[in-house]
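Here are my notes on the structure you sent.

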Amino acid sequence: MEKHEKLLNMLMEFNPLVRFTAVCNTSGEIEWSSQRDSVTNIIPLEETKASIKRAAASWQDREHLSENGAGRGMYTITAYEKIKRITIPLDDQHILFISTDNTPKKDKDYGRLVGMGDIMSIVDFINEHEK
(Lines give C-alpha, C1' and ligand atoms only; values in the text may rest on other atoms or scores of the structure.)
Protein backbone atom coordinates (compact mmCIF):
# COMPACT_ATOMS: atom_id res chain seq x y z
CA MET A 1 0.00 0.00 0.00
CA GLU A 2 3.02 2.30 0.23
CA LYS A 3 2.72 2.98 -3.50
CA HIS A 4 -0.75 4.45 -3.01
CA GLU A 5 0.50 6.85 -0.35
CA LYS A 6 3.33 7.90 -2.66
CA LEU A 7 0.85 8.38 -5.52
CA LEU A 8 -1.36 10.67 -3.43
CA ASN A 9 1.64 12.70 -2.24
CA MET A 10 2.91 13.16 -5.79
CA LEU A 11 -0.53 14.27 -7.01
CA MET A 12 -0.85 16.81 -4.20
CA GLU A 13 2.63 18.16 -4.93
CA PHE A 14 2.22 18.39 -8.72
CA ASN A 15 -0.58 20.94 -8.79
CA PRO A 16 -1.89 23.39 -6.18
CA LEU A 17 -5.40 23.03 -7.67
CA VAL A 18 -5.61 19.46 -6.30
CA ARG A 19 -7.69 19.68 -3.13
CA PHE A 20 -8.26 16.06 -2.10
CA THR A 21 -7.06 12.65 -3.28
CA ALA A 22 -8.08 9.15 -2.27
CA VAL A 23 -7.41 5.57 -3.24
CA CYS A 24 -10.53 3.46 -2.83
CA ASN A 25 -11.32 -0.21 -3.19
CA THR A 26 -13.92 -1.39 -5.68
CA SER A 27 -16.59 -1.14 -2.97
CA GLY A 28 -15.86 2.59 -2.75
CA GLU A 29 -14.25 2.44 0.68
CA ILE A 30 -11.38 4.90 1.15
CA GLU A 31 -8.10 3.12 1.92
CA TRP A 32 -5.72 6.11 1.63
CA SER A 33 -6.51 9.82 1.43
CA SER A 34 -4.84 13.20 1.52
CA GLN A 35 -6.34 16.68 1.76
CA ARG A 36 -4.57 19.97 1.20
CA ASP A 37 -4.26 21.88 4.50
CA SER A 38 -5.26 25.20 2.98
CA VAL A 39 -8.71 24.10 1.75
CA THR A 40 -12.03 23.46 3.42
CA ASN A 41 -14.48 20.84 2.23
CA ILE A 42 -17.06 22.13 -0.19
CA ILE A 43 -18.89 18.81 -0.09
CA PRO A 44 -19.09 17.07 3.30
CA LEU A 45 -16.89 13.96 3.62
CA GLU A 46 -19.89 11.65 4.04
CA GLU A 47 -21.32 12.86 0.73
CA THR A 48 -17.92 12.46 -0.92
CA LYS A 49 -17.75 8.88 0.36
CA ALA A 50 -21.22 8.18 -1.08
CA SER A 51 -20.15 9.68 -4.40
CA ILE A 52 -17.03 7.51 -4.43
CA LYS A 53 -19.16 4.41 -3.88
CA ARG A 54 -21.34 5.38 -6.85
CA ALA A 55 -18.21 6.02 -8.95
CA ALA A 56 -16.82 2.59 -8.06
CA ALA A 57 -20.09 0.96 -9.12
CA SER A 58 -20.06 2.96 -12.35
CA TRP A 59 -16.54 1.75 -13.17
CA GLN A 60 -17.70 -1.82 -12.71
CA ASP A 61 -20.62 -1.12 -15.07
CA ARG A 62 -18.23 0.34 -17.66
CA GLU A 63 -16.32 -2.93 -17.90
CA HIS A 64 -18.78 -4.19 -20.52
CA LEU A 65 -17.75 -1.31 -22.82
CA SER A 66 -14.16 -2.48 -22.78
CA GLU A 67 -15.34 -6.00 -23.51
CA ASN A 68 -17.32 -4.67 -26.50
CA GLY A 69 -14.24 -3.14 -28.12
CA ALA A 70 -14.04 0.38 -26.66
CA GLY A 71 -10.88 -0.49 -24.73
CA ARG A 72 -10.20 -0.04 -21.03
CA GLY A 73 -11.68 3.07 -19.41
CA MET A 74 -9.02 5.64 -18.56
CA TYR A 75 -10.74 8.31 -16.44
CA THR A 76 -13.90 10.34 -15.88
CA ILE A 77 -14.23 14.02 -15.03
CA THR A 78 -17.31 15.64 -13.56
CA ALA A 79 -17.14 19.43 -13.50
CA TYR A 80 -19.06 21.67 -11.14
CA GLU A 81 -18.78 25.44 -10.84
CA LYS A 82 -16.31 25.24 -7.92
CA ILE A 83 -14.67 21.82 -8.24
CA LYS A 84 -13.89 19.01 -10.63
CA ARG A 85 -14.04 15.39 -9.52
CA ILE A 86 -11.90 12.85 -11.35
CA THR A 87 -11.94 9.06 -11.05
CA ILE A 88 -9.29 6.77 -12.50
CA PRO A 89 -9.21 2.97 -12.28
CA LEU A 90 -5.76 2.02 -10.93
CA ASP A 91 -6.07 -1.76 -11.15
CA ASP A 92 -8.74 -4.41 -10.70
CA GLN A 93 -9.03 -3.60 -7.00
CA HIS A 94 -8.52 0.19 -6.70
CA ILE A 95 -9.86 3.50 -7.97
CA LEU A 96 -8.21 6.89 -7.66
CA PHE A 97 -10.44 9.83 -6.73
CA ILE A 98 -9.21 13.42 -7.15
CA SER A 99 -10.97 16.69 -6.37
CA THR A 100 -9.55 19.86 -7.91
CA ASP A 101 -10.39 23.53 -7.73
CA ASN A 102 -12.53 24.73 -10.63
CA THR A 103 -13.05 28.36 -9.66
CA PRO A 104 -12.65 30.33 -12.87
CA LYS A 105 -9.65 32.64 -13.08
CA LYS A 106 -11.70 34.91 -15.29
CA ASP A 107 -15.33 35.17 -16.28
CA LYS A 108 -16.65 31.96 -17.90
CA ASP A 109 -13.28 30.18 -17.80
CA TYR A 110 -14.96 26.87 -16.90
CA GLY A 111 -13.24 24.81 -19.57
CA ARG A 112 -9.87 24.99 -17.87
CA LEU A 113 -8.05 21.68 -18.08
CA VAL A 114 -7.04 19.85 -14.91
CA GLY A 115 -3.73 18.57 -16.24
CA MET A 116 -4.93 15.05 -17.09
CA GLY A 117 -1.72 14.35 -19.00
CA ASP A 118 0.31 15.11 -15.88
CA ILE A 119 -2.06 13.15 -13.64
CA MET A 120 -1.95 10.09 -15.90
CA SER A 121 1.86 10.35 -16.15
CA ILE A 122 2.10 10.23 -12.35
CA VAL A 123 -0.28 7.26 -12.19
CA ASP A 124 1.72 5.43 -14.89
CA PHE A 125 5.03 6.23 -13.16
CA ILE A 126 3.83 4.83 -9.83
CA ASN A 127 2.32 1.73 -11.46
CA GLU A 128 5.54 1.02 -13.38
CA HIS A 129 8.07 1.80 -10.63
CA GLU A 130 6.32 0.79 -7.41
CA LYS A 131 5.30 -2.81 -8.09
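1. A salt bridge is a side-chain nitrogen of Lys or Arg within 4 Å of a carboxyl oxygen of Asp or Glu. Please keep in mind throughout that the model is predicted. E46 and K49 form such a salt bridge, and their closest N and O atoms are 3.7 Å apart. A search of the whole structure finds one salt bridge. As background, side chains of opposite charge can pair when their charged atoms come close.

2. Where do E46 and K49 sit relative to each other in helix α2? They are three residues apart in that helix, so about one helical turn separates them. E46 counts as exposed because its relative accessibility is 56%, and exposed means over 50%. K49 has 31% relative accessibility and counts as partly exposed.

3. Leaving aside neighbours within four places in sequence, I30 is in contact with F20, A22, V23, C24, K49 and I52. I30 is found in strand β2, which covers residues 30–35. With a relative accessibility of 29%, I30 counts as partly exposed. I30 and I52 are 22 residues apart along the chain, and their C-alpha atoms are separated by 8.4 Å.

4. In soluble globular proteins, nonpolar side chains tend to be buried together. The largest nonpolar core here has 18 residues, of which L7, I88, L96 and I98 touch the most other members. At least two residues of this core come from each of α1 (2–14), β1, β4, β5 and α3. The most come from α3, which gives six residues. Another core lies apart from it and has five residues, among them F20, A22, C24 and F97.

5. I88 deserves a look of its own. Which residues is I88 in contact with, leaving aside its neighbours within four places in sequence? The list is W59, M74, Y75, H94, I95, L96, I98, M116, I119, M120 and V123.

6. M120 lies in helix α3, residues 116–129. Is M120 buried or exposed? M120 is buried, because its relative accessible area is 15% and buried means under 20%. Apart from neighbours within four places in sequence, M120 is in contact with M74, Y75 and I88. M120 and L11 are 109 residues apart in sequence, while the distance between them in space is 9.9 Å, C-alpha to C-alpha.

7. The remaining points concern empty space. Rolling a probe the size of a water molecule over the atoms shows where empty space is left. The largest pocket holds about 250 Å³ of space. It is lined by 14 residues, and W59, E63, P89, D91 and D92 are the closest to its centre. Both α2 (45–70) and β5 (94–101) supply at least two residues of the lining of the largest pocket. The most come from α2, with six residues. The lining of the largest pocket has four nonpolar, five polar and five charged residues.

8. The second largest pocket holds about 200 Å³ of space. Its lining has 13 residues, and those closest to its centre are S51, A55, T76, T78 and T87. Two or more lining residues come from each of α2, β3 (76–79) and β4 (83–89). Which element gives the most to the lining of the second largest pocket? It is α2, with six residues. By class, the lining of the second largest pocket divides into five nonpolar, five polar and three charged residues.

9. How many cavities of 30 Å³ or more does the structure hold? There are two. The largest cavity has a volume of about 150 Å³. It is lined by 15 residues, with F20, N41, I43, T48 and S99 nearest its centre. The elements β1 (18–25), α2, β4 and β5 each give two or more residues to the lining of the largest cavity. That lining divides into eight nonpolar, five polar and two charged residues.

10. One residue links several of these points.

Definitions and conventions
Residues are numbered from 1 along each chain as its sequence is written. This is a predicted model: local features need pLDDT of at least 70, side-chain atom pairs count only at pLDDT 80 or more; totals for chains, interfaces and linings use all residues. Side-chain values use heavy atoms; hydrogens and water are left out. On a 1 Å grid over the protein atoms alone, a cavity is a set of points where a 1.4 Å probe fits but cannot get out, and a pocket is an open set with protein on both sides within 12 Å along at least five of seven lines; lining residues have an atom within 4 Å of a point. Grid points are joined across faces, edges and corners, and a volume is the space filled by probe spheres set on the points. Helices (H or I, at least four residues) and strands (E, at least two) are DSSP runs, numbered from the N terminus. Ala, Val, Leu, Ile, Met, Phe, Trp, Tyr, Cys and Pro count as nonpolar, Asp, Glu, Lys and Arg as charged, and the others, Gly among them, as polar. Buried means under 20% relative accessible area, exposed over 50%, partly exposed in between (1.4 Å probe, protein chains only). Contact means heavy atoms within 4.5 Å. A nonpolar core is a set of buried Ala, Val, Leu, Ile, Met, Phe, Trp, Tyr and Cys residues joined through side-chain atoms within 4.5 Å.
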